[in-house]
Amino acid sequence: MGDLLGLLVAVLVLTVVTAVALVSGRGSRPTPPAARSGASSTKVGAPRPGVDYQPGTGDDAEVPRDTPLRTVDVVDLPDDAALLGGDTQVVGPVLEVPEPTAGRLHRLRARLSRSQTSLGRGLFTLLSRDVLDEDTWEEVEDTLLAADMGVAATTDLVTRLRTRVRVDGVRSVSELRPLLREELVRAIGADSDRTLRTLPHEDGTPAVVLVVGVNGTGKTTTCGKLARVLVADGRSVVLGAADTFRAAAADQLQTWGERVGAQTVRGPEGGDPASVAFDAVAKGKADGVDTVLVDTAGRLHTKSGLMDELGKVKRVVEKHGPVDETLLVLDATTGQNGVVQARVFTQAVTVTGIVLTKLDGTAKGGIVVAVQRELGIPVKLIGLGEGPDDLAPFEPEAFADALLGDELAL
């Protein structure tokens, strides 16, 4: 019995030892050579897990793609002087250089294409007919009236055209063009004084220019463009933002001035426009500039109180000296209504010149003739686009050529 028990114990011990040996052999793995030697597994030529040996716990399936992170070093940055250099100077904003005013109207002739279509082509078509009867001349009158030329100017022009066509016997376009050009220039008024009085006085005080008009005519924009015209002609300018009622009017004018290096005098929003105009002229006198441009608030010609205020602005400015120019800005697209507006403004201030804007749109070229004939005030500047240099001094001959168009295109 004892021998049997001993045999069972021996078999049990042998079974346990065999099981332990099998388990140990199954879980064991060869030690990587690099690991035995203490070398890093990321070095070049090191054994690769999954290639050179079976990976185990703590090993990646393949060589890690992450590279060692670089440490951050504290570096002293050079100062501004070293970066810029010893002789380098900080440069201010670059001023724009306006286009020269001479010949601007010739360069902008294409902007009058719509007026040319409605006036020039229509007249050539009618006057080149074989028979010019009363019905034809009535159509000529209708064409001129549709071009906003006005009744009085149309009647006078048609009378002269009828006489010359009958006496000279012209019919072809090549003969009609010089005749029409001559009569249009005469109607526009080639002998009118269109000079802008913007030179300083003999005592050194600057010339003062008031810019007035109805709301929405482009008055502030015209004032900014006029500053560019004067700078292009070599004048120094100070702008007065006397439109204290419209939001951002002063900011708009100041932006125009900064582009060409002109200073802008402004006051508090809703302040007295006469005081701003007064301060602008005082600033111009102190700085010795050539011209002071004062932008006034837009006002309806039907509001007598606002028109009286405009007269006050002019009287306050005249404490410094006379106002050299009062320019009335008219929207050419308003047609004959612009003539009514101008007539009321001339009762509040002495208007010395007209600025016609938006002639590049649907406006008719005849408004130039109507305004001058009805008011006796010359058109001195015309706006032919939204570009900064699209304000041009008015030239009757070039304007007539633009209205009649290119002879080859007719």
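Which residue just after α8 takes a positive phi? It is G189, with a phi of about 100°. The structure is a predicted model, in which local features need pLDDT of at least 70 and side-chain atom pairs count only at pLDDT 80 or more, while totals for chains, interfaces and linings use all residues. Residues are numbered from 1 along each chain as its sequence is written, and side-chain values use heavy atoms, with hydrogens and water left out.

Helix α8 itself covers residues 173–188; helices here are DSSP runs of H or I with at least four residues, strands are runs of E with at least two, and both are numbered from the N terminus. With 16 residues, α8 reaches 22 Å from its first C-alpha to its last, close to the 22 Å expected at 1.5 Å a residue. The expected span is 1.5 Å times one less than the number of residues in the helix. Several residues of α8 are buried, including L176, L179, L180, E183 and I188. Buried means under 20% relative accessible area, exposed means over 50%, and partly exposed lies in between (1.4 Å probe, protein chains only).

Helix α9, residues 219–232, has 14 residues and spans 20 Å from its first C-alpha to its last, close to the 20 Å expected. Eleven of its 14 residues are buried, so α9 is largely enclosed by the rest of the structure. Among the buried residues are the charged K219, K225 and R228, along with C223, L226 and V229. This helix is followed by G234, whose phi is positive, near 90°.

Positive phi values also turn up in residues other than glycine. One of them is D148, with a phi near 65°, in the loop between α6 and α7. D148 is buried, at a relative accessible area of 17%. A147 belongs to the loop between α6 and α7 too and is buried, with a relative accessible area of 1%. The C-alpha atoms of A147 and I367 are separated by 7.2 Å, although these residues are 220 apart along the chain. K358 likewise has a positive phi, near 65°, and sits in the loop between β6 (353–357) and α14 (367–375). K358 is partly exposed, with a relative accessible area of 34%.

Turning to charged pairs, a search of the whole structure finds 21 salt bridges. A salt bridge is counted where a side-chain nitrogen of Lys or Arg is within 4 Å of a carboxyl oxygen of Asp or Glu. One of these pairs joins E325 and K380, at 2.9 Å from N to O. E325 lies in strand β5 (residues 325–331) and K380 in strand β7 (residues 379–383), so the pair ties together parts that are 55 residues apart in sequence. Both of these residues are buried.

Another salt bridge brings together the side chains of K312 and D272, at 3.6 Å from N to O. K312 is in helix α12 (residues 304–317), and D272 is in the loop between β3 (263–266) and α11 (273–287), 40 residues away. K312 is partly exposed, with a relative accessible area of 34%, and D272 is also partly exposed, at 34%. E139 and R129 meet in a further salt bridge, at 3.3 Å from N to O. Here E139 belongs to helix α6 and R129 to the loop between α5 (113–127) and α6, ten residues apart. E139 is partly exposed at 33%, and R129 is partly exposed at 32%.

Two surface patches round out the picture. Patches are made of residues with over 30% relative accessible area and no salt bridge; like charges are joined within 9 Å, and nonpolar side chains (Val, Leu, Ile, Met, Phe, Trp, Tyr) within 5 Å. D133, D135, E138, E141 and D142 form a negative patch, and D135 is found in helix α6 (residues 134–146). The place of a charge is taken as NZ of Lys, CZ of Arg, CG of Asp or CD of Glu. L4, L7, L8 and V11 form a nonpolar patch, with about 390 Å² of accessible area together. Accessible areas come from the Shrake-Rupley method with a 1.4 Å probe, and for residues only the protein chains shown count as cover. L4 is found in helix α1 (residues 2–27).
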